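Subject: The structure I promised you

Hi,

Here is the structure we talked about.

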Amino acid sequence: MSNQKSEAALIGKVKNIANVMASAGVGFTDYITQLTYILFLKMDEEKEEAGLDSTIPAGCKWQDIVNLSGTDLVEKYEEILSTLSKEEGLIGTIFTNATNKISRPVMLQEVFKMVDSENWYMMEGDLKGAIYERILEENGQDRKSGAGQYFTPRALIQAIVEVVDPKINETVADPCCGTGGFLLAAYAHMKSQSKELEKLKFLKNNALSGADVTPLVVTLASMNLYLHDIGVNKSPIVLQDSLLDTSDRLYQVIMTNPPFGTRPQGSVEVNSIRTEFIRTSDNQVNFLQHIMSIVKTGGRVGVVLPDSVLTDQGATAKVREKLLKDYNLHTILRLPTGIFYANGVKTNVLFFDKGEPTKDIWVYDYRTGIKHTMATKKMTRAHLDDFVKCYCSGHIEDRKATYSEDNPNGRWRCFSEEEVKQADTLDFKWIDLEEKDQRTVQEVLKDMEEEAQGITTAVDKLKKLLGSVEI
Amino acid sequence: MIDVSSLKQKIIDYATSGKLSSVCNDDENIEIVLSKLPTISSKREKLLEHSPEYDEKYTIPHHWRWVRLGEISTYGDTPNKVKPTEIKDGTWLLELEDIEVGGMLLAKKRYSIRKSVGEKTVFKKGQILYSKLRPYLKKVLIADEDGVSTPELISFEVMGGIDARYITYCLVNSYVDKVINKRSYGIKMPRVDVCFMVNLPIPLPPINEQKRIVAKVDEIFKLLDKIDTLQGQYQNNVEVLKSKIIDAGIRGQLTEQLPEDGTAEELYQAIQAEKAQLIKEKKIKKEKPLPEITAAEIPFEIPDNWKWVRIGDIFQLHAGKNVKANCISNRVDETHQYLCYGGNGIRGYVADYNCDGAYPLIGRQGALCGNVHFAEGKFYATEHAVVTDTFANTDVKWAEKFLKALCLNQYATATAQPGLAVNKIEQVLIPLPPLSEQKRIVAQIDSVLGAIGK
């Protein structure tokens with residue numbers, strides 16, 4: 001109970017300042033990034049006070065700045081950001097390309113004051129992490145900043161992690177990690193699988209890998225993991241354009257939600273670096289190719305992709321061909337609209353393993369007739385319970401379709417190898433929720449006669465009731 | 001079709017003007033009731049002193065009396081208010097949004113489920129609740145339970161044994177409607193003031209007659225509601241029937257297959273021959289052949305002498321040309337002689353035509369894409385209208401009806417601006433009947449729909 005209160009109170013504090021910032025022209029995302037930097041400095045200070053080692057070089061510590069004001073404050077802050085961005089390890093990652101976005105001294109002071117008023121380091125790990133996640137979620141719903149593209153709904157992440165089921169000795173990667181949601185969820189999932197120190201050490205230090213092309217998001221993801229006690233010495237997140245990654249590193253599990261939209265103008269052409277790829281300007285198709293290239297044989301993938309990847313012809317169709325030939329795409333989850341920040345986006349989750357060709361494809365239609373909105377009808381983990389149950393993770397030989405001739409609107413259906421070969425897209429839909437009128441023309445006419453008769457009788461009664469009154 | 005709601009309004013008017021009831025000598029004279037009314041509260045007295053002007057009152061039976069609302073009820077007395085903190089859990093908390101236009105209760109929300117701010121008015125079971133905000137919405141009802149409400153709802157009771165339900169009729173008849181709307185102040189939030197309401201003229205019959213009137217109105221409304229429901233079902237069935245007839249038409253179930261019709265295969269060959277000839281003469285474009293139809297694609301059975309084809313096989317589709325919006329006139333005039341068809345039918349008139357003849361037009365942009373219109377003569381088709389060319393005397397009206405029945409909208413792309421690509425339309429399967437049967441189908445559909453259309 002008190003956790004909720006302090007969580008709510010702190011988030012309230014953060015939001016209050018956000019509003020002040022917004023009116024001064026500092027967007028929520030920028031504000032959160034600056035807050036992250038300042039928070040980190042404070043936490044380092046608290047660690048030192050508690051007798052632990054500080055990781056920040058002298059001259060850039062909390063004490064060096066907290067008592068300054070006015071332009072002195074701004075100058076020192078910018079100096080610190082610049083210095084720390086050049087550091088190695090965790091600090092360098094958190095302060096990747098760090099620049100100040102709060103130029104007004106009074107505003108900057110507000111943030112420092114707020115951060116100074118709390119003890120963050122000693123806060124329970126869960127609380128710290130939860131608060132930060134909440135802030136990121138708020139940010140994710142901020143349509144103006146477009147920060148939504150960094151934030152996958154946690155309910156969806158939970159379900160995907162549960163069914164892909166990463167094991168504690170496996171390597172897990174997210175090549176477009178955004179704020180680190182998938183990695184965090186994978187960590188929590190794997191941590192509970194063993195108490196052996198060696199395994200836990202591997203998990204903490206070597207299992208997770210994340211990358212993103214946007215510096216501020218690398219900051220947010222690193223901080224997110226740090227506050228959950230992951231990557232305390234070295235962040236598992238790197239600043240990188242994954243599509244240009246030629247490192248040849250392979251991973252056992254990949255779970256990710258590539259950003260929707262097109263590649264930014266002026267970026268290096270993917271096909272020029274990754275010459276083995278089929279040439280396309282579609283960002284998501286390129287990510288699919290990348291994911292296919294970094295998964296180990298025998299490895300598993302869960303990736304969120306829009307409808308266009310399932311239906312487009314041309315280059316996309318060629319990539320699909322390769323996917324079905326060299327990988328076993330065994331499950332597709334059709335997602336409804338209204339769960340991502342961008343309305344109307346139609347997405348699916350593709351689950352595939354590397355090493356065998358695709359035979360049957362099981363499709364779960366969680367789209368037809370499903371209505372969710374970000375504000376009032378949010379999708380929760382419970383909404384995906386049926387899917388997770390049907391998936392039979394770890395024992396897929398037990399899968400049973402809920403679709404049948406008697407139940408044509410069953411959401412879980414198996415498409416045989418034959419049907420898959422016949423289909424020219426992967427857009428499988430079959431549910432028709434419109435109730436078709438089953439009557440024959442004769443029956444309809446009879447009903448109409450009865451109704452007409454009923455009307456005449458009622459009108460006659462009415463006339464009698466009204467007597468001489470005219471209508 | 002009977003207009004039930006306007007009939008109901010008429011009934012209310014009759015009820016409150018004596019046309020729905022009769023004299024009965026056993027009824028106690030209303031004057032007696034009026035003489036025994038309790039003393040008027042000082043607040044109401046003051047309001048009754050300064051009566052506003054009202055439109056001329058209508059005629060009522062001479063044993064009725066005109067009175068003022070504030071004389072026979074507590075409307076105008078100081079309301080009992082409570083603060084939200086004083087409201088007990090489980091109390092009925094009534095907001096305007098719970099009341100439908102006309103006075104029906106949509107839901108009963110209780111305090112604790114509904115969080116509320118601001119003071120509330122207390123009301124008692126049996127009181128009349130009247131919304132002074134937007135009075136034209138006629139949100140009037142009688143409380144069947146104690147509760148609290150938004151202060152926009154005035155709660156009051158009638159005295160002397162006067163029938164509360166009869167009074168509710170008097171608050172919503174056409175006369176009162178008219179005078180209140182004249183008087184309401186405020187534009188965004190029109191309200192009627194308390195002085196006006198307290199002085200509102202109310203036509204009063206003897207109490208027993210009031211009760212008879214209420215009973216009669218109840219009976220009549222029950223019948224009217226029944227008529228309303230049946231009419232609704234009937235209308236619905238008309239629509240269902242229409243679509244079933246057309247569906248039967250496409251499947252060849254509406255007409256007989258006659259041996260003298262020949263086969264659709266013959267027609268198909270004739271179409272291909274004509275197309276080939278026109279391509280040679282460079283009158284139409286050569287197109288890529290469409291894929292063969294596989295057994296798996298066929299949606300339903302058709303008569304033996306029919307043939308499944310693709311739209312692109314037997315028609316040729318081409319979109320019109322863009323025309324600037326400012327070149328389209330709403331009316332026909334000297335410069336704008338020709339009808340201009342867009343993606344959704346007629347847009348107006350333009351100076352030029354780019355089609356001459358009879359063609360079905362398929363709309364290919366926007367939410368309603370896939371809609372089919374029919375254009376004849378010299379007209380202009382925009383780039384959003386796909387013109388359907390027919391060959392070998394294919395019946396154009398048949399083409400229009402069948403294209404409509406195919407519901408091409410389902411093939412639209414699911415993007416922000418839905419659209420139908422021509423090459424997508426060309427792939428769609430359509431069942432082809434022989435020529436003479438085409439004409440019979442059109443005639444049959446028209447005559448059946450014409451008969452039910454009434």
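Predicted model: local features only at pLDDT ≥ 70, side-chain atom pairs only at ≥ 80, totals over all residues.

**Where the chains meet**

On chain A, 23 residues are in contact with 25 residues of chain B. Together the two chains bury about 2,100 Å², and 78% of that is on carbon and sulfur atoms. Which residues of chain A lose the most area to chain B? They are A:Met448, A:Glu451 and A:Leu465, which together make up 29% of what that side buries.

If you sort the side of chain A that touches chain B by class, you get 13 nonpolar, 3 polar and 7 charged residues.

**The cores**

A bit of background: in soluble globular proteins, nonpolar side chains tend to be buried together.

In this model, the largest nonpolar core has 63 residues, and B:Ile167, B:Leu171 and B:Leu200 touch the most other members. Helix H8 of chain B (residues 207-250) gives this core its largest share, 10 residues.

Leaving out residues up to four places away in sequence, B:Leu171 touches B:Leu69, B:Ile128, B:Tyr130, B:Val140, B:Phe156, B:Val176, B:Met197 and B:Leu200.

Apart from that core lies another one, of 50 residues, including A:Leu10, A:Ile17, A:Leu35 and A:Leu90.

Cheers

Conventions: Residues numbered from 1 in each chain as written. Chains lettered and ligands numbered in written order. Heavy atoms only, no water. Contact = heavy atoms within 4.5 Å. Buried area = accessible area lost by both parts, 1.4 Å probe. Nonpolar A, V, L, I, M, F, W, Y, C, P; charged D, E, K, R; others polar. Core = buried A, V, L, I, M, F, W, Y, C linked by side-chain atoms within 4.5 Å. Buried < 20%, exposed > 50% of the residue type's maximum accessible area, 1.4 Å probe, protein only. Helix = DSSP H or I, 4+ residues; strand = E, 2+ residues; numbered from the N terminus.
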